[in-house]
Amino acid sequence: MTAENPRLVVDPVTRIEGHLRVEATLEGSTIAEAYSSGTMVRGIEIILRGRDPRDAWAFAQRICGVCTLVHGIASIRSVEDALGIGLPNNAQIIRNLMIAAQYVHDHVMHFYHLHALDWVDVVSALKADPAATSTLAQSISPYARSSPGHFADVQRRVKALVDSGQLGIFANAYWGHPAYKLPSEANLMAVAHYLDALEWQRQVAQLHTIFGGKNPHPMFLVGGVPCPIDLNSDSALNAKRLGQVGDIIRQMRSFVDEVYVPDTLAIAGFYKDWGGQGEGLGNFMTCGEFPAGQAGELDQLMIPRGVILNRNLAEIQEVDFKDPDQVQEFVAHSYYDYSGGKAQGLHPWAGETALNYSGPKPPYEQLDVEQSYSWLKSPRWRGHAMEVGPLARVLMLYAKGHAQTRELVGMTLKKLDVPVTALYSTLGRVAARTLETKIIADAMQGMYDNLLASIKAGDTRTFNETRWEPSTWPARARGIGYMEAPRGALTHFIVIEHGKITNYQAVVPSTWNAGPRDSKGQPGAYEAALVGHKLADPKQPIEILRTIHSFDPCIACAVHVVDPDQGELVQVKVA
Amino acid sequence: MDLTQRTVGAALFAKGVSRRGFMKFCATTASLMALPPTLIPTIAEALEKARRPSVIWLPFQECTGCTESLTRSNTPTLESLVFDAISLDYHETLQAAAGHAAEEARETAMQANWGNYLLAVDGSIPLGNPGYSTIGGVSNVDLLKKVAAGAKAIVAIGTCASFGGLPQARPNPTGAVGVSELIKDKPVINISGCPPIPSAITGVLAQYLVFGQLPEMDALGRPKAFYGQTIHDRCYRRPFYERGQFAETFDDEGAKRGWCLFKLGCKGPVTYNACATVKWNLGTGFPIEAGHGCIGCSEPRFWDAGGFYEPLSTTRWGSWQTVGAAAAAGAAIGAAAALAARARRSGAATETKP
């Protein structure tokens with residue numbers, strides 16, 4: 001960067017979770033280099049030290065309220081792994097249902113409320129003919145809310161907002177940008193579904209309320225789930241509450257099948273050129289999810305664990321999170337120090353880090369990208385940068401021969417008339433998110449049926465109390481809790497000594513994806529994915545937003561501070 | 001209020017005319033119409049009548065759970081707030097514009113509504129180093145002070161913005177504080193909770209916007225409509241507390257029958273919130289109803305007040321209750337039980353000290 005040619009800056013990146021800054025070097029109007037920076041830190045892993053492991057899930061869960069649940073589950077699994085606590089079957093199913101519900105809720109909201117405005121021109125919807133919109137909607141789906149009158153109502157509502165001159169969340173955006181390709185009717189349909197999705201998500205969140213008391217941030221429990229089962233009680237999981245769960249699953253599946261999937265395919269059809277850019281790395285990692293048995297039985301996971309290198313689906317690599325040579329975190333360009341020097345990579349159990357903000361003193365115009373520039377670390381697997389998330393999972397399921405995945409991917413490629421290489425792109429990532437939502441929503445029915453069958457057979461256990469008391473724990477224990485979160489592979493590493501947490505580290509999906517360059521200068525997934533994007537107008541960086549949003553950033557998750565090992569005090573240095 | 005008619009005021013502000021410029025316009029109008037200058041404020045008011053109040057939402061050290069909770073509300077819904085009741089002029093999770101365009105939208109709204117906009121904040125603010133949290137290269141402290149200067153009132157949403165929340169928990173690595181520790185010259189309403197109940201957020205906003213006055217608040221700045229009673233005083237399991245029927249473990253007969261969760265760590269007696277009445281997610285339930293004790297998430301420093309599964313009588317909660325909280329209320333039996341519990345606590349050890 002030079003003073004005469006500063007890098008393009010997008011800060012804040014909006015319609016994400018958390019605080020992300022992107023800087024890009026342009027050659028003409030094409031991105032030559034991109035830099036991804038997480039701009040906020042809290043230090044939750046430091047805060048977890050000294051706590052009761054049974055409380056940890058509540059602290060960890062507040063790492064993120066968009067991907068609520070995920071850190072709670074990973075935390076609880078880490079404790080159960082460390083202490084050797086087995087889960088009653090019903091508790092495992094209930095957790096799987098809550099995890100699946102989170103996926104479906106989160107992905108649908110991401111598509112409509114976070115990503116859609118990159119592809120959908122809200123102001124253009126005002127020019128649509130409601131009758132033609134109805135024809136379009138009914139041609140792609142049996143969804144009931146599709147009458148001309150309904151679309152006219154939506155259009156009137158949006159028109160009133162625009163005419164008032166106070167556009168609120170739609171103000172000062174990029175309406176009319178040539179990159180918007182949808183006809184007005186498609187825009188109006190999408191806006192109507194944006195509103196429908198807001199209403200739908202309120203209702204389906206109730207699954208978490210029934211099992212966990214509230215959403216966001218439902219309640220969990222080491223060794224089980226807190227909600228007891230008793231068909232003959234008015235105050236436990238009974239037929240009424242279980243029936244409501246069944247209704248919610250139906251409501252989830254019908255919205256996914258009738259609105260989310262058809263909209264994705266319809267909109268993707270106008271943006272096929274986005275199947276040719278935005279891949280980034282070609283390396284993908286999953287940690288796996290939806291254990292049928294105990295969480296440690298990795299061969300029983302619905303979504304398998306593994307690594308794909310260089311798009312090679314024929315040779316899936318095995319992943320062992322305990323192996324110190326596999327997962328390592330680098331801080332070469334992160335605001336942290338290692339006592340062994342900033343070029344080192346450390347396995348999370350050997351973590352030893354200090355907060356050190358060495359960036360420019362705010363207010364600042366540009367980062368110093370030759371030095372540290374992010375509160376995110378750079379996780380690497382055997383030295384490779386990895387992409388995690390829906391595309392990684394869909395590819396993994398496909399590679400392992402999952403029938404429904406193969407069918408859905410084949411259908412999508414055929415319908416869009418694009419080659420299989422289109423998967424490795426921004427568009428591919430968006431489509432993967434939609435397809436896995438359907439796969440997971442459909443799987444909820446089976447989980448639910450299993451729960452009912454278990455209860456019918458007389459098993460109502462929801463909690464294993466045998467290792468609840470700290471007096472039953474070993475003096476020292478280490479554990480890893482994995483969780484395949486909506487944004488990707490998540491792992492929590494815990495060390496417990498004499499009943500208290502002495503070390504806690506989280507390697508989070510958006511850290512894998514949004515992290516800065518490592519000590520070899522290898523960019524992270526976002527940084528690699530943006531290279532080559534041509535911007536029609538650098539002042540309106542829609543192209544950057546489209547690809548960044550395809551990863552579904554969650555930056556509160558991504559930023560973390562690794563605790564020093566062996567009781568070292570954290571040093572806080574002020575630059 | 002006919003929103004299909006663009007108001008003159010709205011048209012001018014949308015074109016970037018400042019508040020001062022608008023008042024000048026009104027003065028010119030008055031003189032053109034040969035009206036006395038004393039009528040200028042009335043003209044301004046009339047021209048502005050159709051404007052929806054501006055809300056600017058700043059996210060600091062937040063997890064975005066409070067925004068998610070906002071979207072879960074149905075009384076009123078987020079959609080009806082955004083389309084009918086307010087103009088949500090800056091919200092990073094929802095707004096279409098990014099980067100400089102987003103910042104410009106914020107600036108324009110601030111200028112057009114100077115002195116009248118509502119500032120909503122979620123997340124705590126770090127004081128340890130300005131680089132711990134920035135937006136657009138600007139530290140949270142600087143941005144908060146800048147935007148607060150033109151706000152009519154500030155709504156601190158969630159326990160982090162109200163009291164410091166999770167980032168402030170021991171050892172507070174970034175020096176996190178709540179809004180009211182930094183802003184002393186504007187009214188601050190604390191809607192605490194981790195996150196707050198969806199309809200508590202929208203309900204408090206609606207109360208302020210519709211009735212035009214600050215809600216009555218407790219000693220911690222929380223609206224009494226939602227924080228005036230403890231969970232314990234409204235809990236449907238209270239009769240079991242009174243009768244001494246407690247769940248001893250999470251899966252036992254007492255748990256299944258919905259007995260009191262006091263022994264499993266419930267902090268309901270010392271937590272002010274509306275979970276037991278308003279409940280969560282369209283009135284579906286709340287933690288106690290799902291079998292888990294209250295963790296006290298709307299109270300200051302609840303993260304450091306003792307284990308979530310340690311019964312109240314063995315924790316430090318008793319001391320928190322007297323610090324600035326609303327006066328003890330509730331049944332004599334409940335109060336006596338709490339006092340007895342505190343007396344029993346004298347021998348119990350907890351090592352969690354700030």
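1. Two residues are in contact if their C-beta atoms, placed from the backbone, lie within 7 Å. Keep that rule in mind for the points below.

2. Some ground rules: this is a predicted model, where local features need pLDDT of at least 70 and side-chain atom pairs count only at pLDDT 80 or more, while totals for chains, interfaces and linings use all residues. Residues are numbered from 1 along each chain as its sequence is written, and chains are lettered from A and ligands numbered from 1 in the order in which they are written.

3. Chain A is split into domain 1 (1–56 + 280–363 + 372–424 + 469–575) and domain 2 (86–278 + 428–465); such bounds come from an automatic or database domain assignment. Taken over C-alpha atoms, the centres of the two domains are 25 Å apart.

4. Where do the domains of chain A touch? There, 39 residues of domain 1 are in contact with 38 residues of domain 2. On the domain 1 side, β5 (289–291), α10 (390–399), α11 (403–416) and α15 (542–550) of chain A each supply at least two residues. Helices (H or I, at least four residues) and strands (E, at least two) are DSSP runs, numbered from the N terminus.

5. Now look at helices α4 (residues 89–115) and α9 (residues 239–268) of chain A, which pack at an angle of about 30° with axes 11 Å apart. Axes are lines fitted to C-alpha atoms, for helices over the stretch in contact, and angles run from 0 to 180 degrees between N-to-C directions. The angle makes α4(A) roughly parallel to α9(A) (under 35 degrees; over 145 is roughly antiparallel, 65 to 115 roughly perpendicular, the rest oblique).

6. Their contact is made by A:V104, A:V108 and A:F111 of α4(A), with A:M252, A:F255, A:V256, A:Y260 and A:T264 on α9(A).
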